[in-house]
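Subject: Structure handover and notes

Dear colleague,

I am handing over the structure below, with notes on what was found in it. Please read the notes alongside the coordinates.

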Amino acid sequence: MKNRTFQGFLSLLSCSVILFACQQTGGKKEESKKPGIEKSGFGTLPDGRAVDIYTLRNGQGMEVKITNFGGTIVSWTAPDRNGKYEDVVLGCDSLAGYLRGVPYFGAIIGRYGNRIARGKFSLDGVQYSLATNNIGNHLHGGIVGFDKVLWTATPVAGDEPALKLAYLSKDGEEGYPGNLNVEVVYTLQKDNALKIDYTATTDKKTIVNLTNHSYFNLAGKGDILNHQLVLNAGVFLRVDSTLIPTGEPRPVAGTVFDFTKPTGIGMRINDKTDAQIRFGLGYDHCWVLSDSSKTLKSAAILSEPASGRVMEVLTTEPAIQFYSGNFLDGKVIGKGGAAYQYRSGLCLETEHFPDSPNRPEFPSTVLKPGDTYRTTTVYRFSVRN
Ligand code: GLA
């Protein structure tokens with residue numbers, strides 16, 4: 001009898017342990033469904049400064065991880081048509097990976113996204129010389145651009161969690177004039193969209209063109225050649241062999257640059273009869289949006305037929321650089337030890353036109369003291385059956 005009671009006690013105990021364990025797991029699941037933002041350590045810079053990584057959750061299942069090193073989006077999960085979440089951006093597991101050198105994976109780009117010819121431009125008759133880090137031209141802010149600096153992060157909790165990142169780019173940094181105070185706010189919305197608000201002010205006339213350099217692969221693996229793309233643009237900028245814009249914008253109609261209707265990226269990417277494809281080694285060009293207003297409008301729709309994932313890009317900017325990952329060559333090791341192969345990710349960088357400081361006919365990228373640079377870009381995910 002006594003023995004029975006003891007056994008009964010034991011089985012009751014094991015049931016409670018199991019129940020407790022279930023509640024704990026359930027609890028964790030519940031936690032991951034709740035909207036919010038969480039901070040953890042991501043490593044240390046060679047000069048001893050600590051780097052953090054923030055996990056933003058929107059309560060619907062989407063999770064975005066952002067580090068204050070370069071304001072970099074490290075991972076971003078999006079559901080497929082069956083509700084299966086997959087990481088849809090290229091990146092590294094640790095800070096060490098980024099410090100070894102990556103081609104701007106997920107980072108904030110500044111002061112100037114894309115190229116400035118020979119790194120030279122003038123403002124009010126004064127010539128400025130910037131670092132030349134790309135076959136004689138200035139690219140993505142120079143040698144230590146905004147992608148390689150440590151930003152000051154402030155998490156903002158709430159139903160739509162946000163991460164505020166601030167950086168003071170000192171007068172003369174990489175050759176640019178003026179102390180530039182930059183703020184970038186990432187907000188993870190309930191509608192599976194990540195909104196990026198960029199603002200900047202200066203104490204001396206300068207130039208600014210900020211963007212984000214995420215490499216997307218909506219299948220979460222393989223190359224991006226089966227992705228379909230729409231670009232709401234009737235013209236693109238011709239470039240020379242160093243990818244600096246030349247001459248008049250060229251209409252896309254009748255060319256391999258026409259993405260006004262959903263078109264497979266791989267369909268014409270190797271059409272070397274077009275010199276522009278040869279110069280870009282594929283797509284690496286600036287499309288001028290047909291809607292030139294500064295309101296938030298649809299710039300691009302990217303979709304991947306097998307998973308059903310769709311990503312729409314909306315922006316207040318006048319243009320979008322579509323880069324098809326032509327410089328990826330399997331040498332950069334990313335998440336889970338993956339060697340990122342040729343065209344395994346693509347970028348849709350919303351921005352002003354490359355080399356605008358030397359092109360008075362292009363929309364201006366000049367920022368004056370007293371004015372505020374303000375742009376917004378939204379990447380919104382959905383699914384298609
Ligand atoms: C941009 C440029 C490309 C290349 C990549 C980074 O998209 O236009 O030419 O420099 O960044 O590798």
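To begin inside the protein, N114, R115, L237, V239, L243, P245, D284, H285, C286, Q321 and P354 line the largest cavity, where a cavity is a set of points, on a 1 Å grid over the protein atoms alone, at which a 1.4 Å probe fits but cannot get out, and lining residues have an atom within 4 Å of a point. About 50 Å³ of space lies in this cavity, a volume being the space filled by probe spheres set on the points, with grid points joined across faces, edges and corners. The structure holds one cavity of 30 Å³ or more. Strand β21 (residues 284–289) gives the most to the lining of the largest cavity, with three residues; strands (E, at least two residues) and helices (H or I, at least four) are DSSP runs, numbered from the N terminus. By class, this lining has six nonpolar, three polar and two charged residues, with Ala, Val, Leu, Ile, Met, Phe, Trp, Tyr, Cys and Pro counted as nonpolar, Asp, Glu, Lys and Arg as charged, and the others, Gly among them, as polar.

Before going further, please note that this is a predicted model, in which local features need pLDDT of at least 70 and side-chain atom pairs count only at pLDDT 80 or more, while totals for chains, interfaces and linings use all residues. Residues are numbered from 1 along each chain as its sequence is written, and side-chain values use heavy atoms, with hydrogens and water left out.

As to confidence, the mean pLDDT of the protein is 93, and 92% of its residues reach 70 or more, pLDDT being the predictor's confidence in each residue, from 0 to 100. Confidence is highest in strand β16 (residues 211–212), at 99, and lowest in helix α1 (residues 2–33), at a mean of 40. Where pLDDT is low, the predicted coordinates should not be read in detail.

Turning to the packing, the largest nonpolar core has 59 residues, and those with the most contacts inside it are W76, W287, F322 and L348. Such a core is a set of buried Ala, Val, Leu, Ile, Met, Phe, Trp, Tyr and Cys residues joined through side-chain atoms within 4.5 Å, where buried means under 20% relative accessible area, exposed over 50%, and partly exposed in between (1.4 Å probe, protein chains only). Strand β13 (residues 180–188) supplies the largest share of this core, five residues. Apart from this core lies another, of 19 residues, among them F69, L90, Y98 and Y340.

On the open side, a pocket is an open set of grid points with protein on both sides within 12 Å along at least five of seven lines. The largest pocket has a volume of about 450 Å³ and is lined by 20 residues, of which K294, H352, S364, Y373 and R374 lie nearest its centre. The elements that give two or more residues to this lining are β26 (366–367) and β27 (373–383), and β27 gives the most, with three. The lining has six nonpolar, eight polar and six charged residues. About 310 Å³ of space lies in the second largest pocket; of the 19 residues that line it, P103, Y104, L139, H140 and F327 are the closest to its centre.

Some backbone details deserve a look, since most residues other than glycine have a negative phi, and most peptide bonds are trans. The peptide bond from G110 to R111 is cis, with omega near -5 degrees, and R111 lies in the loop between β6 (108–109) and β7 (115–116). I135, in the loop between β9 (126–129) and β10 (138–139), has a positive phi of about 30 degrees although it is not a glycine, and I135 is exposed, with a relative accessible area of 65%. Phi of N192 is also positive, near 60 degrees, but N192 is buried, with a relative accessible area of 12%.

Finally, S324 lies in the loop between β24 (319–323) and β25 (347–351) and counts as buried, at 0% relative accessibility.

With best wishes
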